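Here are my notes from a pass through the model, as numbered points. Have the viewer open while you read.

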Amino acid sequence: MSIIIMLLLLSVLILVHEAGHFATARMFGIKVDKFGFGLPIGPTLFKTKLGETEILVHAFLLGGYVSFPDDDKDCDLPEDSPERFLNRPIHERAIVISAGVIANIVIAFVLVFMTAILWGHLPSGKYSIKVQNIVAPKEANVWKSGLKNGDIVKSINGVKIENSFALLSIVGSSKSYDGKIYSALLEKNYNKLKELNPPLLRDEIIPPQVAVLLPDVGLEPQVVLSEKVSKGLKYDKDTQIKLSDSQIKLRDELIGKKVYVSDGVYTLNDIAYAISDSWHPLDIVVERDGKLIALKSFAVDKSGKIGIQLASKEIYRTTNTPFTIMKYGTKYLIDSTYSLCYGLYQIFTGQIPLKDLHGIVAITKVGGDIIQNNGIFSGLLLTALISINLAIVNFLPIPALDGGHIMFIIIEKIKGSRVSEAVIEKFSAIGFLFLIALMLLVIVNDIVGIVTKKF
């Protein structure tokens, strides 16, 4: 039942989007030939007439469209008819094209405000992160820190921990002996080496059997995240240099040593690289029995884990007045939009692999689970985010999407004449094929994800 509810909610978003195009077109007196739910691929399940507009429901339900007389070469409307879309002023056409996106944004606000009113609270985007169980081996560094089961993690390296992403990002980036070093620390350690071993030159191979005195080396800098990490932004760090395979081998040989006897393979510079790769200190502040406690610094293992199981509990904001409903509802959507845009950035820059892209099948499955486990209001909030996502994606400058049509209108405005229909059709066909290929890819990913119980 929850999956059916989620499908209905997604269908509403598509209908609202197309209704935005339809309503503004009719407002400007533009004729609408067809209002299609689904894409015209395969059989048509339902067909009827509403005034001059034909209403169609297609078997391929992933999408929708509004068709104007200009799309039909056999249309009997005169070429100069004001009811034709292309005969309307640029600003009217831009409004009609943008109306679907605007409608999705409006319905997102409606869903969030409605949830805030009926539910009485909204997610804050912040979580209380609790140490549920320490599962690290007894020799692990975490046991030396004083961390205990039940501790609530308040900060790491001075950064407030308000979600698990921040915690995992810092811990994962603080792993010991990661094969990367900081340039400033490299120079510092080289100077120490040179001081202890004056005859040796930086880039000359050290002769066999020569004893090299090794200095006390400092730890690598703490990993510190940017203030906006909770919204999914990258963490701050100095310039890092990767060690070569041979330097990594040397690093492992030198751990814990005060003297290195040369085997005639490495230079003083190689040794400086090797001793500069150590560990980033992790300083954690926890809340225990209502008090803040600073734990002892400790190291993360080579895998980037400290060996704890976490339990996160979302913190909610009460929305019991018109002011709090507007304030927290708007903030919820702004923060979520920021994260969605960053997610798109990660996709286009290759930070998220194609195998991790998911679509309507996964959304329906996950949305159904959310409704079943957390209730209808959580489902409404997810639907609001999907609506914002539809708005963002639809406004990308890709031919066959609303953003692609806006792009052609902007070009028309700049050059003072329309882009030829042949060019538009060619690019739109390419854009359409791209979207179909992408749709098929995410459907395959969704099916694989469900079969492998990824979600």
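1. Start with Asp289, which counts as exposed because its relative accessibility is 77% (the classes are buried under 20% relative accessible area, exposed over 50% and partly exposed in between, with a 1.4 Å probe and protein chains only). Asp289 is not a glycine, yet its phi is positive, at about 55°. Its place is the loop between strand S12 (284-288) and strand S13 (291-294); helices (H or I, at least four residues) and strands (E, at least two) are DSSP runs, numbered from the N terminus.

2. Before going further: this is a predicted model, where local features need pLDDT of at least 70 and side-chain atom pairs count only at pLDDT 80 or more, while totals for chains, interfaces and linings use all residues. Residues are numbered from 1 along each chain as its sequence is written, and side-chain values use heavy atoms, with hydrogens and water left out.

3. Tyr177 is another non-glycine with a positive phi, here about 45°. For context, most residues other than glycine have a negative phi. Look for Tyr177 in the loop between helix H4 (164-173) and strand S6 (180-182). Its relative accessibility is 24%, so it counts as partly exposed.

4. Over in H10 sits Ser378, buried at 13%. Not counting residues up to four places away in sequence, Ser378 touches Trp119 and Ile370.

5. Aromatics next: there are six aromatic pairs. Rings of Phe, Tyr and Trp (its six-membered ring) pair if their centres lie within 6.5 Å, with planes under 30 degrees apart called stacked, over 60 edge-to-face and the rest tilted. Phe109 and Phe113 have ring centres 5.7 Å apart and planes at 55°, so they make a tilted pair. Both are in helix H2 (residues 90-119), four residues apart, about one turn of the helix. Phe109 is partly exposed at 25%, whereas Phe113 is buried at 17%. Ring pairs also link Trp119, Tyr316 and Phe377 into a cluster.

6. Two charges over rings are worth a click. Lys138 lies over the face of Trp143, 3.9 Å from the ring centre, and Arg202 does likewise over Tyr190, at 4.0 Å. The test here is NZ of Lys or CZ of Arg within 6 Å of the ring centre and within 35 degrees of the ring normal.

7. Where is H7 in terms of cover? This helix (residues 268-275) is mostly covered, with eight of its eight residues buried. Asn269, Asp270 and Tyr273 are among them. The cover includes S6, helix H5 (183-196), S7, strand S10 (240-242), helix H6 (245-254) and strand S11 (259-261).

8. Leu219 is in the loop between strand S7 (211-213) and strand S8 (224-225), partly exposed at 39%. Leu219 and His280 are 61 residues apart in sequence but 6.2 Å apart in space, C-alpha to C-alpha. Leaving aside neighbours within four places in sequence, Leu219 is in contact with Leu185, Ser278, Trp279 and Pro281.

Terms used: Contact means heavy atoms within 4.5 Å.
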